[in-house]
Amino acid sequence: MNSLAGKRIVLGVSGGIAAYKAVEVCRRLMDSGAYVIPVLTKGATRFVGRATFDALASERTQMSLFDEDNPIPHTTLGQAADCIVVAPATARVIGAYAAGISSDLLTATLIATRAPVVICPAMHTEMWEHPAVADNIATLVERGVHIVGPESGRLAGGDEGAGRLSSPADIVAGVTRVLGAGSGPQDMAGLSVVVTAGGTREPIDPVRFIGNHSSGKQGYAFADEAAGRGADVTIVSTVDRPGPPGATVVSVDTAEEMAAATTKAAADADVVIMAAAVADFRPIDPAGVKLKKRDGVPAIQLEPTPDILASLGASKPEGQVLIGFAAETCDVADNAAAKLNGKGADYIVANDVTAENAGFAHDTNEVLVLASDGRAHSIGLRSKRQVAQAVLDLVVADRDGRADVR
Ligand code: CTP
């Protein structure tokens, strides 16, 4: 109950219809033991009165950059805060924050802080999907700002779609997670998790290979997240990068090597996460010496590689959770559903690798998760760590409800 005890939180509220839900966010932050200072924009007060926050919060509501007692309220607020959460965050506030424009106390405080910031967007779908808003969110995510939501559902005026403010419980859980970094829930303690990461390299000759653009970032984000939640992690990786503290890293190059290492590690695993981009074809007979230009254009004959995910799916031990990925360039949902059924996975995490700020090498991703029981979850653009967190939240919740797990 006192998970936020001793934490000084600035609660920014901007002018959207969802501002009424900020009252509940304020109450829940207070209930969690936080010291809460509300900062409202002028627009917010058209939807909800400052007196409500005055009564609920630790301090009176602040609104003005020009305070009689304190000539620089934004720096005082920004410097002393342990976290700033903006709920709801309108397109205007998101845009001003991304552009570094401080036109009121809330945006000035956001720019004057080095504390972690949690932005909870709420707006109509057309606005949420506008490229300017999407770019601003991507900019903030790249700067390390945490984004909670929005959800899909009923919007003001009876419309339906993406853009609804996350629930107050989810917002407070997001703040708790951000402030408790490193000491989050240990809900994967005792589980053995295998993650594959990176793209395989299939040799043509000793200096050339067939490869792909996978950076391994999403796989390592899963490894970091699972380890942070207490799991015992093994990473089978083509990338030269250390894993989280305590993790075992098995280095491989080819699909064949990845298949051998993953099959071995997966035998006793509770959760297997196949994030690697495995080549589907390899040269049948790689040359033992470098192919020379003077010998002309080589005819390279290819053969299929083992499909690691499909073979793990076919021999899955009871209770094991198998997560596959789908890198697509079109028809994402249909192709992902075909992979889910065809490979015997429990979940497929699918993304459009041609989408802006998502997929290969980016620090952010946007995915569709399909579960074998027919559920589908969209996880909007956010850091790869946050994508891993959302997927593992789902897996842990489902696993807790399953009778067949070990
Ligand atoms: N995969 C695998 N072994 C392969 C190819 C893919 O284990 N030889 C796994 C990937 O790690 C991923 C999933 O299968 O979890 C889907 O990979 P993807 O490249 O999206 O699809 P493919 O099955 O290769 O099909 P296609 O390339 O035709 O889309």
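1. Arginine 208 and aspartate 205 form a salt bridge, with their closest N and O atoms 2.4 Å apart; the term stands for a side-chain nitrogen of Lys or Arg within 4 Å of a carboxyl oxygen of Asp or Glu. Aspartate 205 is buried at 2% relative accessibility, whereas arginine 208 is partly exposed at 35%. Buried is under 20% relative accessible area, exposed is over 50%, and partly exposed is in between (1.4 Å probe, protein chains only).

2. This is a predicted model, in which local features need pLDDT of at least 70 and side-chain atom pairs count only at pLDDT 80 or more, while totals for chains, interfaces and linings use all residues. Residues are numbered from 1 along each chain as its sequence is written, and side-chain values use heavy atoms, without hydrogens and water.

3. The structure holds 23 salt bridges. One of them pairs arginine 164 with glutamate 151, the closest N and O atoms being 3.4 Å apart. Arginine 164 lies in strand S7 (residues 160–164) and glutamate 151 in strand S6 (residues 151–154), so the bridge ties together parts 13 residues apart in sequence. Helices (H or I, at least four residues) and strands (E, at least two) are DSSP runs, numbered from the N terminus. Arginine 164 is partly exposed at 29% relative accessibility, and glutamate 151 is partly exposed at 24%.

4. Aspartate 363 and lysine 217 also meet in a salt bridge (2.9 Å, N to O). Aspartate 363 sits in the loop between strand S17 (347–352) and strand S18 (364–371), and lysine 217 in helix H9 (residues 217–228), so this pair ties together parts 146 residues apart in sequence. Elsewhere, salt bridges with shared partners join Asp187, Glu225, Arg229, Arg385 and Asp393 into one network.

5. Aspartate 398, in helix H13 (residues 384–400), is buried, with a relative accessible area of 19%. Its side chain makes a polar contact with the side chain of tyrosine 347 at 2.5 Å. A polar contact is a pair of N or O atoms within 3.5 Å; within protein, one must be able to donate a hydrogen and the other to accept it, and residues adjacent in sequence count only if both atoms are side-chain atoms.

6. For the chain as a whole, the secondary structure comes to 13 helices and 19 strands. Buried residues make up 48% of the 406 residues. The C-alpha atoms fill a box of roughly 80 × 55 × 40 Å, taken along the principal axes.
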